[in-house]
Amino acid sequence: MRRKLVAGNWKMHGNHSANAELLAGIVAARPFVCDVAVCVPFPYLSETAVALAGSDIRWGAQDCSVHEQGAYTGEVSAGMLHEFGCRYVIVGHSERRAYHAEGDQLVADKAKVALARGVTPIVCVGETLAQREAGETDAVVKRQLSAVIHTLGHCVGEMVVAYEPVWAIGTGRTATPEQAQAVHALLRAQLHAATPHADVMPILYGGSVKPDNAATLFAQADIDGGLIGGASLKAADFVAICRSAG
């Protein structure tokens, strides 16, 4: 049986006082029956590490450079993230793909660099509303995942996959449990063809997950938790979602 994972993606939110209150609320709610993580903005990695030290809650970042080091102003390497104790790094989020023109191969290369530095990549895939309405969902997510599979090779089983339909991120719209499960099953089948570890790999759902819909989504056979955006910024909501993964 796969252990579920709920990871918060704070995006570009936070400040010292709000972070302290949020992290304290999450720590106070332990224990959880699922794995829990928060992926925070780079400047807050140090204080997050201190706040979560000694707990079983993991932390991570929201992106990393494809480069190990060098003259890349503004970039942060996977090695740097590892030094800050990051367990996870999100790569290929739809906002990075859309706003920073990150293509499938760049996302795959970032996942490879992260794994090489001991940081688990949470690889995001997902279709836009136009692609879904055109019947292209399966082709889009398979193409996105295929690049990562081919780049990681035998290390494929070490990543986490997150299906985030772009049309459901921050819109209040959520894929139905049946819609989400159909894509998760497709991704699981694709992973089965690539690695013997597909049955134990977490595939998360992200896209307006809330306390009132989390349990139904997480009950689906191939949905192994969530990558949570807005609801991860309120301790009570995030904790309720984590409880739903039980």
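Helices (H or I, at least four residues) and strands (E, at least two) are DSSP runs, numbered from the N terminus. Axes are lines fitted to C-alpha atoms, for helices over the stretch in contact, with angles from 0 to 180 degrees between N-to-C directions. This is a predicted model, in which local features need pLDDT of at least 70 and side-chain atom pairs count only at pLDDT 80 or more, while totals for chains, interfaces and linings use all residues. Residues are numbered from 1 along each chain as its sequence is written, and side-chain values use heavy atoms, with hydrogens and water left out.

**First stop: two helices**

Select residues 16–28, helix H1, and residues 235–244, helix H10. Their axes come within 9 Å and cross at roughly 30°.

Now show the side chains. Leu-22, Gly-25 and Ile-26 of H1 make the contact with Ala-235, Phe-238 and Val-239 of H10 (contact means heavy atoms within 4.5 Å). Of these residues, 5 are nonpolar, 1 is polar and none is charged; Ala, Val, Leu, Ile, Met, Phe, Trp, Tyr, Cys and Pro count as nonpolar, Asp, Glu, Lys and Arg as charged, and the others, Gly among them, as polar.

**Next: salt bridges**

How many salt bridges does a search of the whole structure find? There are 15, each a side-chain nitrogen of Lys or Arg within 4 Å of a carboxyl oxygen of Asp or Glu.

Pick Arg-2 and Asp-224, whose side chains meet in a salt bridge (2.8 Å, N to O). Arg-2 lies in the segment before strand S1 (5–9) and Asp-224 in the loop between helix H9 (214–218) and strand S8 (225–228), so this pair ties together parts 222 residues apart in sequence. Asp-224 is buried, at 3% relative accessible area (buried means under 20%, exposed over 50%, partly exposed in between, with a 1.4 Å probe and protein chains only).

Move on to Asp-63 and Arg-96, another salt bridge (3.2 Å, N to O). Asp-63 is in the loop between S3 and helix H3 (78–83), and Arg-96 is in helix H4 (residues 94–99), 33 residues apart.

Finally, select Arg-2, Arg-188, Asp-222 and Asp-224 together: salt bridges that share partners join them into one network.
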